[in-house]
Amino acid sequence: MTVAAVIVAGGSGLRAGGERPKQYQLIGGRPVIWWTCRAFLAHPGVNVVQPVIGEGHEQMFAEAVDGLGLPLPVIGGSTRQDSCRIGIEAVARHKPSKVLIHDAARPFVSDALIDNVIGWLDRFPAAIPGMPVAETLKFAPGGMVSRTVDRASIWTAQTPQGFSYDGILAAYRKAEAEQTQGLTDDASVAEHAGIAISMLMGELENRKLTTADDIVMADRDMTGRQLQDRPDVRVGQGIDVHPFDDGDAVILCGIAIPYSQRLKGHSDADVAMHALTDAILGTIGEGDIGTHFPPSDPQWKGAASRIFLARAVELLEAKRGIIANADITILAEAPKVSPHVAAMRAFLAPLLRVDPSRIAIKATTMEKLGAIGRKEGIMAYATVTVRLP
Ligand code: MG
């Protein structure tokens, strides 16, 4: 028996503010959609995870879910209804018996809820989670109360909504053929086709992120969850130095700063990122950059140092570790670093999977003392705190 999950992420979601749609904004150091897709990928009862994304979101999506091993997304339509139909059609080749359809903007979906929905589909052709309405409901057209609505039997609907695959596919095709539009969730499409739908208890935590406030609170929540089950606090340090050579820019924390010289090294010689990488490796006793990327290996010649950093983060994550903060000090007589600090923090944040507020980058001169003071090179120190289970 194959169970497919269709993750609907087609919306432009700009109600939440910000530069990118809400499903691509960061909570707990990762895009919302990363958490949502991961929940289904990691669930043993789900065999296929098919994302449906908005047109023009291809690049953003690829970056957001990098490393998860998801299949290629399909491009949704102009309405949620269209997007869902396209997603459901896209999994046909896997011949699923059950399909779960889930909003990308609900990253807090639990294993237990996914289990429940799959289980209920043994007894019903459709099962959707929801919450009984606890507050009193008023019918108030034009802002004036005309009556109180009986809230008994009133539920709000959540996702994942589960269906027997053939039933929901036929229901969507029927709605499409009849050009019935404006069905706002999958259950409405099933209702329209006369499919019996069972309601099961959802979870308060499984709320849909809609507004900017939702994103802020979700970030706090997701970060808190991450920290909570990782009591093992460790500190790592890293130090690096590279001499100057003829050139026109130095690269520090991934940012090229125009200068009359460059830093000499086997890779791009990003001295600050090297110190940071060693600090992370230090927290898990995994040697240093040279252990993983020997300078004798020609494939790392001129390499972007973000590759080294990404590898250190990957090793940390393999131990289920997360970064709590990073503090970097760059010792340089020149060039001037401070105008580039904001760009450096923004560059490092997604690589470390933390908010930029958890990254400090400071710069100091050596007051003309010693080799660094004589402008012979640049030195960097990094301290990193990580949390492990
Ligand atoms: Mg180095």
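Q: Is glutamate 178 buried, partly exposed or exposed?
A: This is a predicted model. Glutamate 178 has a relative accessibility of 42%. Buried requires under 20% and exposed over 50%. The value for glutamate 178 falls in between, so this residue counts as partly exposed.

Q: Which residue meets the side chain of glutamate 178 in a salt bridge?
A: The N to O distance in this salt bridge is 2.8 Å.

Q: Arginine 225 and glutamate 205 meet in a salt bridge; how many residues apart in sequence are the parts it ties together?
A: The two side chains meet at 2.2 Å, N to O. Arginine 225 lies in helix H7 (residues 212–228), while glutamate 205 sits in the loop between strand S12 (198–201) and H7. The pair therefore ties together parts whose separation in sequence is 20 residues.

Q: In the salt bridge between arginine 374 and glutamate 376, which residue counts as exposed?
A: The side chains meet at 2.9 Å, N to O. Glutamate 376 has 41% relative accessibility and counts as partly exposed.

Q: Which residues do salt bridges with shared partners join into one network?
A: The structure holds 21 salt bridges. Some share partners and form one network. Its members are Arg80, Asp103, Arg106, Asp186 and Lys208.

Q: How many residues of helix H3 are buried?
A: Helix H3 covers residues 80–90 and is mostly covered. Among its buried residues are Gln81, Cys84, Gly87 and Ile88. The cover includes helices H5 (165–177) and H6 (186–192), along with strands S1 (3–9) and S4 (48–53). Of the 11 residues in H3, the number buried is 8.

Q: Which residues are the protein donors of the magnesium ion?
A: The donors lie 2.1 to 2.3 Å from the ion. Their spacing in sequence is D-x1-H-x31-H. The donor atoms are OD, NE2 and ND1, respectively, of Asp240, His242 and His274.

Q: How many residues apart are histidine 242 and histidine 274?
A: Histidine 242 belongs to strand S13 (residues 232–246). Histidine 274 belongs to helix H8 (residues 271–283). The pair links distant parts of the chain, with a separation in residues of 32.

Q: Are histidine 242 and histidine 274 buried or exposed?
A: The relative accessibility of histidine 242 is 11%. That of histidine 274 is 7%. Buried means under 20%, so both histidines count as buried.

Q: What share of the chain's contacts between residues at least 6 apart in sequence join residues at least 24 apart?
A: The chain has 12 helices and 19 strands. Its C-alpha trace spans about 80 × 50 × 40 Å along the principal axes. Of its 389 residues, 48% count as buried. The share of those contacts that join residues at least 24 apart is 72%.

Q: How far apart are the mean positions of the positive and negative charges of the chain?
A: The chain exposes about 18300 Å², with carbon and sulfur atoms supplying 53%. There are 39 positive and 44 negative charges. The distance between their mean positions is 2 Å.

Definitions and conventions
Residues numbered from 1 in each chain as written. Predicted model: local features only at pLDDT ≥ 70, side-chain atom pairs only at ≥ 80, totals over all residues. Heavy atoms only, no water. Donors = N, O, S within 2.8 Å, 3.2 Å for Na, K, Ca; no water. Helix = DSSP H or I, 4+ residues; strand = E, 2+ residues; numbered from the N terminus. Buried < 20%, exposed > 50% of the residue type's maximum accessible area, 1.4 Å probe, protein only. Contact = heavy atoms within 4.5 Å. Areas by Shrake-Rupley, 256 points an atom, 1.4 Å probe, with all protein chains shown as cover. Lys, Arg positive; Asp, Glu negative; His and termini not counted. Charge placed at Lys NZ, Arg CZ, Asp CG, Glu CD. Salt bridge = Lys/Arg side-chain N within 4 Å of Asp/Glu carboxyl O.
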